[in-house]
Amino acid sequence: MHIEQCKKYIFSHLHGQLTVQEIAEALHLNANYLSGLFKKHEDQTILQYILAEKVKLAQNMLVYSNYTYGEIANYLGFSSQSHLGTHFKKITQMTLGEYRSRYQSEVFVEDLSK
């Protein structure tokens, strides 16, 4: 139950900077307890999970929007486009530009030109 609550909190706050302490306080739990529980059940840390979820959202934004890389980074709470790009490449093995270029919907691109 705590893990699902944690994930829901993360999902609803993906657009900003998140800390384990903030999440734990919102769930009225000890941060160390929550971290250990999450790692045990999810086989990754809370911060790894947050980064992975932010990268998934960035992937979606790259494909289905015309936001700049900087705007996406800012929206997701990264300190810079470069910071997002570093984490994005670690997870996807592609740069932001490579990903957008490869997967952006042709329909979306056509709609933008109208």
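Is Tyr-103 buried, exposed or partly exposed? Tyr-103 is partly exposed, at a relative accessible area of 40% (buried means under 20%, exposed over 50%, partly exposed in between, with a 1.4 Å probe and protein chains only).

The model is predicted: local features need pLDDT of at least 70, side-chain atom pairs count only at pLDDT 80 or more, and totals for chains, interfaces and linings use all residues. Residues are numbered from 1 along each chain as its sequence is written, and side-chain values use heavy atoms, with hydrogens and water left out.

**View A. Phe-88 and Tyr-99 form an edge-to-face pair.** The whole structure holds three aromatic pairs (rings of Phe, Tyr and Trp, the latter by its six-membered ring, with centres within 6.5 Å; planes under 30 degrees apart are stacked, over 60 edge-to-face, the rest tilted). In this pair the ring centres are 5.5 Å apart and the planes stand at 85°. Phe-88 belongs to helix H6 (residues 81–92) and Tyr-99 to helix H7 (residues 96–103), so the contact ties together parts eleven residues apart in sequence (helices are DSSP runs of H or I, at least four residues, numbered from the N terminus). Phe-88 is buried at 0% relative accessibility, and Tyr-99 is buried at 11%.

**View B. Tyr-99 and Tyr-103 form a tilted pair.** Their ring centres lie 4.7 Å apart, with planes at 45°. Both residues are in helix H7, four residues apart, or about one helical turn. Phe-88, Tyr-99 and Tyr-103 make up one aromatic cluster.

**View C. The charged end of Lys-54 sits over the ring of Phe-78.** The distance to the ring centre is 5.6 Å (the criterion is NZ of Lys or CZ of Arg within 6 Å of the ring centre and within 35 degrees of the ring normal).

Methods
Helices (H or I, at least four residues) and strands (E, at least two) are DSSP runs, numbered from the N terminus.
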